Amino acid sequence: MQEHADIIFANEAFYVAFQMKDLEAMEGLWAQAAPVACTHPGWPCLNGREQVLKSWRAIFENPDAVAVTCRAAKARRYGDTAFVTCYEVIGENLLAATNVFVREEGAWRMVHHQAGPCHVTPPELGEDDEEEEAGRLQ
């Protein structure tokens, strides 16, 4: 379905900006009119565009930050709201993540990101992915 492809594309754009440490791209992905929030693993809840983008700036400026890879993204849509569940591989850590989007000015814009530890390799990653992930997570 094309609509789900658009949502997955917005989600992928988020992870590309994350991987590339591209603050300008990250700023363009977050909603401007809708309220936004973000909960990074181990951080308090961040509310408002200014706080959220300040957190991404801090993450991108950290020279010790490791690359992130998105796996097994699944989109769900209800009207002008959508969310994506996926898994993030960051260094040796596997995180379960949820990214929430709203349609703003004809494009899907992020309004919420939350990720937290996942201690079990989920079946969604598949056997091939599981073996690849297991190699990375050991």
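**Close-up views of a predicted model**

**View 1. Asp80 and Arg103 form a salt bridge, their closest N and O atoms lying 3.3 Å apart.** This pair ties together distant parts of the chain, 23 residues apart: Asp80 sits in the loop between strand E3 (68–78) and E4, and Arg103 in strand E5 (residues 93–104). Strands here are DSSP runs of at least two residues and helices are runs of at least four, numbered from the N terminus. A salt bridge needs a side-chain nitrogen of Lys or Arg within 4 Å of a carboxyl oxygen of Asp or Glu, and the count by this rule is one. Asp80 is partly exposed, at 46% relative accessible area, and Arg103 is also partly exposed, at 30%. Buried means under 20%, exposed over 50% and partly exposed in between, with a 1.4 Å probe and protein chains only.

The model is predicted: local features need pLDDT of at least 70, side-chain atom pairs count only at pLDDT 80 or more, and totals for chains, interfaces and linings use all residues. Residues are numbered from 1 along each chain as its sequence is written, and side-chain values use heavy atoms, leaving out hydrogens and water.

**View 2. Glu88 is buried yet has no salt bridge.** Look for Glu88 in strand E4 (residues 81–90). Its nearest side chain of opposite charge, Arg71, is 12 Å away; Lys and Arg count as positive, Asp and Glu as negative, and His and the chain ends are not counted. Beyond neighbours within four places in sequence, the contacts of Glu88 (heavy atoms within 4.5 Å) include Tyr15, Val68, His113 and Ala115.
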